[in-house]
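Visitor: Could you walk me through this structure, please?

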Amino acid sequence: MALVNILDVTVLNNPTSFLKPFQFEITFECLEDLPEDLEWRIIYVGSAESMEHDQVLDTILVGPVPGGKHMFVFEADPPDVKKIPVDDIMGVTVVLLTCSYRGKEFIRVGYYVNNEYDDPELKENPPTEIQYNKLTRNILSSEVRVTRFTIPWHDSKGEEEEEQQKMEEDPPCLTDMPAPKIVDEFEDKIAKDLAYERAERERMTNKVPLSDPGNIYPHDDNRFYHSEDSSSLCLP
């Protein structure tokens, strides 16, 4: 059983300029005191084609965390456009909010992000070079996907063996993010995103250990992706 549950995430300052920080108001609860820090990350998916373009926008440590309900605002700078393929800057991409305990990710919240010009004239006749100061970023907060991963929460060796056995016996379960309701010109980009998610799910189903994808997980830490549950973000 997870000792930390996210109760709600509110996307602040949205929609906004592409160059402004991301802001998430996170409410979570701990079922018991946690002696070590929770590690929260905001990850911007630069391209659906490769994880090489993923950027960790910020990482914060929260803890030790006493049992009970907690709330904080997580703010991160926008992505470095020099690290994003030019063809992937505008249109639809994904931003991820993750949380780990003792180096193991136990929850991931994903949102679609739509970057486009707000000016109708620029939409109709986009300039050759992207004018970043005129781009609008819109996080589609109603289109959210939450994935939970089984991890050992205590030092007990018996618990680790029990969790490992559970991972081997229980098939992983993931659900696709529902397709966002936006204009047809972004459908191709969305298809690429969903293909990326399907490939990840296939690796999970086959229980293939994934090597470090670049800048999301600590180096030399191979693991099995496993989800014990996927559900809507706001819990009753």
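Here are a few questions and answers on strands and aromatic rings.

Guide: Welcome! This is a predicted model, in which local features need pLDDT of at least 70, side-chain atom pairs count only at pLDDT 80 or more, and totals for chains, interfaces and linings use all residues. Residues are numbered from 1 along each chain as its sequence is written, and side-chain values use heavy atoms, with hydrogens and water left out.

Visitor: How many bridges join strand β8 to β9?

Guide: Strands here are DSSP runs of E with at least two residues, numbered from the N terminus, and two strands pair if DSSP finds at least two bridges between them. Strand β8 (residues 104-117) runs antiparallel to β9, with I107 opposite R148. The number of bridges joining β8 to β9 is 11.

Visitor: Why is strand β9 largely enclosed by the rest of the structure?

Guide: Buried means under 20% relative accessible area, with a 1.4 Å probe and protein chains only. Strand β9 covers residues 135-148. It is largely enclosed because, of its 14 residues, the number buried is 10.

Visitor: Are the rings of F24 and Y111 stacked or edge-to-face?

Guide: Rings of Phe, Tyr and Trp (its six-membered ring) pair if their centres lie within 6.5 Å; planes under 30 degrees apart count as stacked, over 60 as edge-to-face and the rest as tilted. By this rule there are 10 aromatic pairs. For F24 and Y111, the centres are 6.0 Å apart and the planes at 20°, so the pair is stacked.

Terms used. Buried < 20%, exposed > 50% of the residue type's maximum accessible area, 1.4 Å probe, protein only. Helix = DSSP H or I, 4+ residues; strand = E, 2+ residues; numbered from the N terminus.
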